[in-house]
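Subject: Structure for your review

Dear colleague,

Please find below the structure that I am handing over to you.

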Amino acid sequence: MAIDKNNKPLATSGRLRREAEAQLRAKTAAQPPPLNLAEAQRLLHELEVHQIELEMQNVELRSAREELEVAHTKYAELFDFAPLGYFILDQRGRIQEANLAGAQLLGIERSRLVGKILSRFIEEDEGRAAFAAHLEKVLRGEGVQCCELTLRRPDGTRFHGLLQSASVDASESLDGRVLTSIIDDTDNRKLRLKLKKAQAMLEETVAARTAELTQANAHLVQEVEQHKRAKESLKEAFSQIQQLSERLQAENVHLQQEVSREYDFGEIIGHSDAMSYVFFRVEQVAPQDATVLLLGETGTGKGLVARAIHNRSARKDRPMITVNCTALPANLIESELFGREKGAFTGANARQMGRFELADGGTIFLDEIGEMPLELQVKLLRVIQDGEFERLGSPRTLKVNVRIIAASNRNLEEEIRAGRFREDLFYRLSVFPITIPPLRQRTDDIELLVRYFVAKYTKKTGKKIDTVPKETLELFLRYHWPGNVRELENVIERAVITSQGPVLQVLDRFDAFRKPEEEQDLKSLGDLERDHIVQVLQKTGWRIEGPKGAALLLGLNPSTLRARMRKYGIQR
Ligand SMILES: Nc1ncnc2c1ncn2[C@@H]1O[C@H](COP(=O)(O)OP(=O)(O)OP(=O)(O)O)[C@@H](O)[C@H]1O
């Protein structure tokens, strides 16, 4: 009981007493009624069972704990002796935990490792910045991150580490922490570098070798190409040589034939105005490539003029091929001109080059063109126009570059009228006509020709003849020479053979050279008039006027006679 300083009970003590008694009452009221014995025994039993249960649980817990400890030891060993360093880092990269391998890797005791910033083991600022970025990415939750860094141990040794980090999420109660494994990749890296170097070297060697091989290959291909080309050009050269040899052979045969015919390729003799005009025309046309048509009686020298044109042309080093259209059988002219393939017709046993092919680059002289069969005239026209033709029996078109000189002793205009000569061919041929006058119209040349032939045949026979009697010359001047220069040449040749001594003796009666009247060609009125005028003039010694002049004999006015002479080209 509470008392005051006078040892008297306080007034509040009564109240407290009352409250305490009330609490006791409430407590006893809440308490169960006192147990009876049976109940007490039952409760005691349960209590004992419960205690046994607890003891058993305790045993189980202990063994579980032991097992856990064993497992922990086992995993701790695994953790410690794992072949790579494990580190648990905080958000700033401070090492919170590390396995033994990790401590060994960083060359520091494990106990001293905890609390150290991993960055301090990283070489160079650059590496540390890379690690910071690595850590940041991990903490940002960007998943597992890897990086390569050079790390330095406290003893100064370095190693190349491969880092792999992952953040540990909060549910694993390692909130904000990072698990980082580090592998010492130094040896592997060295090996890799070596391997890379070796590979680079290998690649370099392979590239160099490949380049060498490619070059060698290209060289080979080039060589093969060159060989191929060389082979081709050899083949071509061979075929050209073959063609050339064929051509040369043919040319040779032709030239031999020409030589055997004793053609006179020397200069053309003549100093008459008529011949001077012919020479002038020859000089004019020779350097051109124009087609020339030579007109004139037989034996007037058309062949010689053709040769002179060729020899004065740019083609003079190529052959002049002569085709005498009268000398060849009509059925052979075509194959002679254009050539033939083997078997082109019965009897064509071998391939033969035509005269046009032979004359390629040169000149072809088509003598007696008026004799050419009509059907061939068409083909000739084509050659003149396009330079093209086909060999007999061959569809292949050949092209040649040939200058054409044609000659005719026939009056081609009459032939056209008679339908024996194509007008178009005539106009093609007569681009540049040259008419060679008959010998009787250029008696001025006779003496010159006589001396020329005498010299020629005395040289040939070894005789010495230096005089031609005046009477003989006069005889020659009077004669009308139907065979022209050829006839005169024959007369001289015979005379040289038969002459004894230095004087030329013409034994033959001159009239013998005249054709019997009935054999003579029927001449036109103009020709007869011309011949007659010449004869009379020769008789009067070329005197025109006066009592012994030709005009009187002919019953013509001298000026009329002069006009006729001009018309017919009659000159002394
Ligand atoms: N002016 C001349 N000078 C020298 N010889 C000539 C002359 N004219 C012709 N001859 C000679 O006369 C002969 C005949 O000449 P060429 O064959 O050239 O005449 P052609 O007019 O072609 O005759 P054809 O029409 O009969 O073929 C040849 O031997 C030739 O040498």
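A residue is taken as buried if 20 or more other C-beta atoms lie within 10 Å of its own, and as exposed if 12 or fewer do. By that criterion, 25% of the 572 residues in the protein chain are buried. Please bear in mind throughout that this is a predicted model.

Confidence. The protein chain has a mean pLDDT of 84, with 88% of its residues at 70 or more. Among the elements of the chain, strand E6 (residues 292–295) has the highest mean pLDDT, 96, while helix H6 (residues 186–260) has the lowest, 75. Two stretches call for caution. Residues 170–174 stay under 50 in pLDDT, and the model gives them 2 contacts beyond four places in sequence. Residues 512–520 are also below 50, with 5 contacts in the model beyond near neighbours in sequence. For the model as a whole, the scores are ipTM 0.98 and pTM 0.50.

Overall organisation. The protein chain contains 19 helices and 14 strands. Of the contacts between residues at least 6 apart in sequence, 63% join residues at least 24 apart.

The nonpolar core. In soluble globular proteins, nonpolar side chains tend to be buried together. The largest nonpolar core here has 44 residues, of which Leu294, Val305 and Ile364 touch the most other members. Setting aside neighbours within four places in sequence, Ile364 is in contact with Ile321, Val323, Arg355, Phe356, Ala359, Val402 and Ile404.

Helices H7 and H8. Two packed helices are described by the angle between their axes and the distance between the axes. For H7 (residues 273–285) and H8 (residues 302–311), the axes come within 9 Å and cross at roughly 35°. The crossing is right-handed.

Proline 469. This residue is in the loop between helix H14 (446–461) and helix H15 (470–478). Is proline 469 buried or exposed? Proline 469 counts as exposed, because it has 12 C-beta neighbours inside 10 Å.

With kind regards

Technical notes
Residues numbered from 1 in each chain as written. Predicted model: local features only at pLDDT ≥ 70, side-chain atom pairs only at ≥ 80, totals over all residues. Axes fitted to C-alpha atoms, helices over the stretch in contact; angles between N-to-C directions. Helix = DSSP H or I, 4+ residues; strand = E, 2+ residues; numbered from the N terminus. Left-handed = near helix turned anticlockwise from the far one by under 90°. pLDDT = per-residue confidence, 0-100. Contact = placed C-beta atoms within 7 Å. Core = buried A, V, L, I, M, F, W, Y, C linked by C-beta atoms within 7 Å.
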